[in-house]
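Hi everyone, thanks for letting me take a few minutes today. Please have a look at the screen while I walk you through some local details.

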Amino acid sequence: MLSGCPTWPEEFARYYRQAGYWRGETFGELLRRGAEEHGERIALVDDRRRISYRELDARADRLTAGLRELGVEYQDRVVVQLPNIAEFFEVCFALFRLGAVPVFALPSHRLTEVGYFCEFSAATAYITTDTEAGFDHRELAAEVTAKVPEPPHVIIAGDPGEHPFHALEDLHAEPVADRAGPSSGDIAFLQLSGGSTGVPKLIPRTHDDYLYSFRASNDICGVDADTVYLGALPIAHNFPMSSPGTFGVLHAGGRVVLARRSSPDEVFELIERERVTLTAAVPPLALVWLDAAEETERDLSSLRVLQIGGAKCSEEVARRVRPTFGATLQQVFGMAEGLVNYTRLDDPEEVVLTTQGRPISPDDEVLVVDDEDRPVATGETGHLLTRGPYTIRGYYRAEEHNAAVFTPQGFYRTGDVVRRTPQGNIVVEGRAKDQINRGGEKVAAEEIENHLLAHQDVHDAAVVSMPDEYLGERSCAFVVPRGHPPRGRELIRFVRRRGLAGYKVPDRVEFVERFPRTGVGKTSKADLRAAIERELVPHLHEEK
Ligand code: OOB
């Protein structure tokens, strides 16, 4: 087992195996079986290629050999930052077969994040693309290698240009006869946590636990070999990856279609052309699609299920799905740490419209507790704690944080405030973690506060959410200046220049003389949020 990854106590592991959740299968074997069973069927479609199961399997093998020649070994960490292109899966399966551990960055991450992932995980390689959405990732890779003390090999999917990087395509080599791969209990990859702390946390997922999560999701979501799944969200995120997402569909022998952009034009064209049956969106994206679908000439009738998750879906949006798309809405409330809840496809309409569903597994243990960890009555609101066969027992190399975020019994404190209906469905009511959920993209307040505090004119900073009609929430940075306040724009530029993903840059900066305090003298974020409600929100409405 990769060091620094807390795992399940043996009695739990034994039970999860006995119960048939952990079946001893690895990702490498999953694809091999796919090639045997579905050979010439198309597994992947992106904006340039259509790839069969057999071809994907063979290309993954060739890449495994090439990566090994380059020196990538079992348990080495490899930062993977790729857009929605087929290479993502070739890279994943090649690394999985080697037993090397992808660290999944998002395409929007910049020097601060990618540099941190490379350094913290001591990555052997960094695999990225040439350009995406007008951004040159090779320039970013050059900055990363200049910054990180032990720079990783850089591998570019596409054209490496003038840089001394490897082209992914050139790495393909003659496969060597099967060597022992990883075991199913090994860490398959490190996923990013939405987080609430100064630095992002990495989530270790095993082959056993992850394969269970999407296999069981397939049953709940009706995924089979006839499913055509459209990946429109960034595919390295847990939701489109495993709920049941691209991996679930590949496991079932279905077809994964990748959208490079999530605009209605591109997405609707793909739905029509590929006869897409299932796709997933965060609420703001669903809203854009719903508005556009009312006008479109495209035939969207193949779509059977539209999943919405990542942030709370308002009942208003939920109500529009069936009349607009003729598809069933499925609410998905999940987290990269594990637990995923779904409304079921045959649930009564009321449940689908007003709840975030229930867990995948009969052995997902869910507790709703008060501030002292005492269970509250059904229907009462409390903190959601969970443990189960695919929920981690701790973050990668984060002992101190783990002691705070996991109970001694191994329950993960999700930071979500929920209530459970008498039928056992979960309704997300709020959040106790210091995070902004910006339309599904998570921003850890402390991380941004630290960047602001690095500015010479900032004495103190507190980042909180402010309500937003479109994204649900945006971020507002309250700043106590040191002497004469800088301009808000200047602070925003400052944060951006530090090389941060765009979605983390504060949407608004407000200067104040001092922060409201709680009883014990901490900054009262509740009061800051209330101040926004009182002053900024009416003002924002006036501006329109
Ligand atoms: C998904 O995963 P993460 O890791 O980006 O974020 C998890 C957090 C949850 O703890 C919760 O605060 C929020 O995102 N969240 C929702 C939600 N789905 C996620 N809040 C309200 N309603 C929902 N439906 O976001 C994720 C992972 C797998 C599947 C779906 C979403």
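Let me begin with a question: which side chain does the side chain of Arg261 join in a polar contact of 3.4 Å? The partner is the side chain of Glu266. By polar contact I mean a pair of N or O atoms within 3.5 Å; within protein, one must be able to donate a hydrogen and the other to accept it, and residues adjacent in sequence count only if both atoms are side-chain atoms.

Before going on, a word on what you're looking at. This is a predicted model, where local features need pLDDT of at least 70 and side-chain atom pairs count only at pLDDT 80 or more, while totals for chains, interfaces and linings use all residues. Residues are numbered from 1 along each chain as its sequence is written, and side-chain values use heavy atoms, with hydrogens and water left out.

Back to Arg261, then. You'll find Arg261 in the loop between β13 (255-258) and α10 (264-274). Those labels come from DSSP runs, numbered from the N terminus: helices are H or I with at least four residues, strands are E with at least two. If we leave aside neighbours within four places in sequence, Arg261 is in contact with Glu266 and Val267, and contact here means heavy atoms within 4.5 Å.

Asp468 is another one to find, in strand β25 (residues 458-468). A polar atom of the Asp468 side chain lies 2.6 Å from the backbone nitrogen of Leu471. Setting aside neighbours within four places in sequence, Asp468 is in contact with Glu473 and Arg474. Asp468 and Gly439 are 29 residues apart in sequence, and their C-alpha atoms are 9.3 Å apart in space.

Now some helix packing. How do α7 and α9 lie relative to each other? The axes of α7 (residues 207-221) and α9 come within 9 Å and cross at roughly 75°, so the two are roughly perpendicular. Axes are lines fitted to C-alpha atoms, for helices over the stretch in contact, and angles run from 0 to 180 degrees between N-to-C directions. Under 35 degrees counts as roughly parallel, over 145 as roughly antiparallel, 65 to 115 as roughly perpendicular, and the rest as oblique. On the α7 side, the contact is made by Tyr210, Phe214, Arg215 and Asn218, and on the α9 side by Phe247, Gly248, Val249, His251 and Ala252.

Compare that with α3 (residues 53-70) and α4 (residues 87-98), whose axes come within 8 Å and cross at roughly 60°. That pair is therefore oblique. Among the α3 residues that meet α4 are Leu56 and Leu63, and the α4 residues there include Phe89 and Phe93.

Most residues other than glycine have a negative phi, and most peptide bonds are trans. Ala133 has a positive phi, near 50°, and lies in the loop between β6 (131-132) and β7 (135-136). Ser243 and Pro244 are joined by a cis peptide bond, with omega about -20°. Pro244 lies in the loop between α8 (238-242) and α9 (245-252).

Last stop, the ligand. A side-chain N or O atom of His237 is 2.9 Å from a ligand oxygen. A polar backbone atom of Gly310 is 3.0 Å from a ligand nitrogen, and a backbone N or O atom of Lys312 lies 3.4 Å from a ligand nitrogen.
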